[in-house]
Amino acid sequence: MFLNKLHISCLFFFLTLLFPHSTKQSAKAASFIYSGCSPSKYDPNGPFQNNLTPLLTSIVSGAAQASYNSYKSGDDSSGAAAYGLYQCRNDLSSDDCSNCVQSAVSQLNLVCADSFAASLQLDGCFVRYSNEDFLGKSDTTMTFRKCSTSRSDDADFFRRRDDVLADLQNGVSYRTSSSGTVQGYAQCLGDLGAADCSACLAQAVGQLKNACGSALAADVYLAQCYARYWASGHYFRSSSDYSDDDIGRTVAIIVGILAGLALIVVFISFLRKTCKFSLSPLPALPALTPS
């Protein structure tokens, strides 16, 4: 009986690792969008690593308290200081924001291992760090764009889409908009003022129109803001409906495989340490005497 209970407890623990509790919102928030890694690498035992580790720890802990924050770790004069920030979409709960940022940091360590600079965008949050001070500096570089392969030449769709995009440009930090069957939202980094946010979003909206044309759904991410729109029924389609997304899907698959292997290693270690048991030796059979 004891061994049966022990086996059940071990199985329950393993299933909990594989299938942690999460809401649909948090699961969608953790969907991979893109990542970027610098080609230059740091020494894992060097001074930059000593500053990066507490920086990432602060990012993870900070996400449980606020939807945006930036950090610096280390002394500028040392040349090994680390700078970083995170941001969650403003409609996420504090728990979903925290879970999203934890996931982003974990994936960043896998996808951009030992990179001096790295960024990773999930559907619900963004994390970035660098050995160069980028905090508070204007940057409208396009980091990612995707346009749905589904198109429309309907005049009403273009009018509705343009109404939504025009409204999104007037937002500060985070804004949603809808017109008929078209919806959208946009967000700027938390340290951008109203004027800089509007300027960044205006550039993002221009990219959406020029690059994606008649696409029924489109996303554009700049370094400090992003904007997206979709027609009803197109936002939640699979990533196969989007062009230029093979890298993102590949990275997501790799991360998933690595995470699965890590869970298996944890489970095996847990079994060795916790689920050990020994069987008592069978009693010796009495010696047979000739009849």
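Let me start with a definition: the expected span of a helix is 1.5 Å times one less than its number of residues. Helices here are DSSP runs of H or I with at least four residues, strands are E runs with at least two, and both are numbered from the N terminus. This is a predicted model, so please bear in mind that local features need pLDDT of at least 70 and side-chain atom pairs count only at pLDDT 80 or more, while totals for chains, interfaces and linings use all residues. Residues are numbered from 1 along each chain as its sequence is written, and side-chain values use heavy atoms, with hydrogens and water left out.

Now, helix α6. Its 19 residues should span 27 Å at 1.5 Å a residue, and the end C-alpha atoms are 26 Å apart, which agrees.

Which residues of α6 are buried? They are Cys197, Cys200, Leu201, Ala204, Val205, Leu208 and Cys212, where buried means under 20% relative accessible area, exposed over 50% and partly exposed in between, with a 1.4 Å probe and protein chains only. Down the axis of α6, these buried residues fall within an arc of 140°, so they line one face of the helix; the arc is that of the directions from the helix axis to the C-beta atoms. As a reminder, an α-helix has 3.6 residues a turn, so residues three or four places apart point the same way. On the face turned away from the buried side of α6 sit the exposed residues Ala195 and Asn210.

The buried residues of α6 pack against β6, α5, β8, β9 and β10, with contact meaning heavy atoms within 4.5 Å. Just after α6 comes Gly213, with a positive phi of about 50°.

On to the disulfides, meaning pairs of cysteine sulfur atoms within 2.5 Å.

Cys147 and Cys212 are joined with an S to S distance of 2.0 Å. Cys147 lies in strand β6 and Cys212 in α6, so this pair ties together parts 65 residues apart in sequence. Both of these cysteines are buried, and their link is left-handed, at -60° about the S-S bond.

Cys197, also in α6, is joined to Cys188 at 2.1 Å. That link is right-handed, with 85° about the S-S bond.

Finally, Cys37 pairs with Cys112 at 1.9 Å. Cys37 is in strand β1, and Cys112 is in the loop between α4 and β4, 75 residues apart. Is Cys37 buried or partly exposed? At 37% relative accessibility, Cys37 counts as partly exposed, whereas Cys112, at 2%, counts as buried.
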